[in-house]
Amino acid sequence: MSGMLTIIIIIFVAAVITGIISKKNNSANHNEYGVPFGAEEKYKLALNPCTDGKPLMYDLTTCRHCVRVQDFLTKNGVEYNDVLVDRFIGNARIEVVAKLKEYNPKASFPTVVFPDGTIIIGYRETLLSETIAAYKKSLEK
């Protein structure tokens with residue numbers, strides 16, 4: 001009996017860790033459309049990237065490459081917006097992923113959209129550096 005209980009506890013802990021059972025992504029924390037409370041502006045930006053003149057990164061809470069890109073952008077003094085796609089549920093997530101697929105048909109993460117239309121998928125340091133330099137130069141004009 002105690003062996004079975006141990007297995008159940010292990011499965012439960014694994015489910016919590018992987019997000020299967022999560023208090024963060026349930027309908028109590030989202031509006032009726034699936035947008036997390038407090039993330040309405042992020043949702044608007046996800047559907048209309050760069051309308052504020054800043055790059056937009058589509059990322060996930062569990063993505064290590066996303067963290068590397070965030071750190072790189074911050075280290076290089078780039079103000080950007082990020083949209084944590086896995087925080088949206090229902091119709092909101094469907095719409096955000098559909099918009100992401102317009103820029104990256106595979107919908108992989110991270111995907112960064114720059115105001116000039118440049119799209120960078122994944123952590124590509126050289127391409128990020130070049131794009132950031134061009135972006136900063138465009139801000140000087």
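**View 1. Twelve residues line the second largest pocket.** Pro36, Ala39, Leu84, Arg87 and Phe88 lie nearest the centre of this pocket. Its volume is about 170 Å³. The lining divides into six nonpolar, two polar and four charged residues. Strand β2 (residues 81–84) gives the most to the lining, with three residues. This is a predicted model: local features need pLDDT of at least 70, side-chain atom pairs count only at pLDDT 80 or more, and totals for chains, interfaces and linings use all residues. Residues are numbered from 1 along each chain as its sequence is written, and side-chain values use heavy atoms, with hydrogens and water left out.

How is a pocket found? Rolling a probe the size of a water molecule over the atoms shows where empty space is left. On a 1 Å grid over the protein atoms alone, a pocket is an open set of points where a 1.4 Å probe fits, with protein on both sides within 12 Å along at least five of seven lines; lining residues have an atom within 4 Å of a point. Grid points are joined across faces, edges and corners, and the volume is the space filled by probe spheres set on the points. Ala, Val, Leu, Ile, Met, Phe, Trp, Tyr, Cys and Pro count as nonpolar, Asp, Glu, Lys and Arg as charged, and the others, Gly among them, as polar.

**View 2. The chain has five helices and four strands.** Along the sequence they follow the pattern α-α-β-α-β-α-β-β-α. Helices (H or I, at least four residues) and strands (E, at least two) are DSSP runs, numbered from the N terminus. Of the 141 residues, 33% count as buried (under 20% relative accessible area; exposed is over 50%, partly exposed in between; 1.4 Å probe, protein chains only).

**View 3. The largest nonpolar core has 16 residues.** Val35, Tyr43, Tyr58, Val83, Phe88 and Val96 have the most contacts inside it. Helix α2 (40–47), strand β1 (56–59) and helix α4 (90–103) each give two or more residues to this core. Another core, of eleven residues, lies apart from it, with Leu73, Val78, Ile132 and Tyr135 among them. A nonpolar core is a set of buried Ala, Val, Leu, Ile, Met, Phe, Trp, Tyr and Cys residues joined through side-chain atoms within 4.5 Å.

**View 4. The structure holds five aromatic pairs.** Rings of Phe, Tyr and Trp (its six-membered ring) pair if their centres lie within 6.5 Å; planes under 30 degrees apart count as stacked, over 60 as edge-to-face and the rest as tilted. Tyr33 and Tyr43 are edge-to-face, at 6.3 Å centre to centre and 65 degrees between the planes. Tyr33 sits in the loop between α1 (2–18) and α2, and Tyr43 in helix α2, ten residues apart. Tyr33 is partly exposed at 31%, whereas Tyr43 is buried at 13%. Phe72 and Tyr123 have ring centres 6.1 Å apart and planes at 85 degrees, so this pair is edge-to-face. Phe72 lies in helix α3 (residues 64–75), and Tyr123 in the loop between β4 (119–121) and α5 (125–140), 51 residues apart. Phe72 is buried, at 5%. Tyr33, Tyr43 and Phe88 form one aromatic cluster.

**View 5. Pro55 lies in the loop between α2 and β1.** Pro55 is buried, with a relative accessible area of 0%. Leaving aside neighbours within four places in sequence, its contacts (heavy atoms within 4.5 Å) include Cys50, Val78, Tyr80, Phe114 and Tyr135. The C-alpha atoms of Pro55 and Tyr135 are separated by 9.0 Å, and the two are 80 residues apart along the chain.
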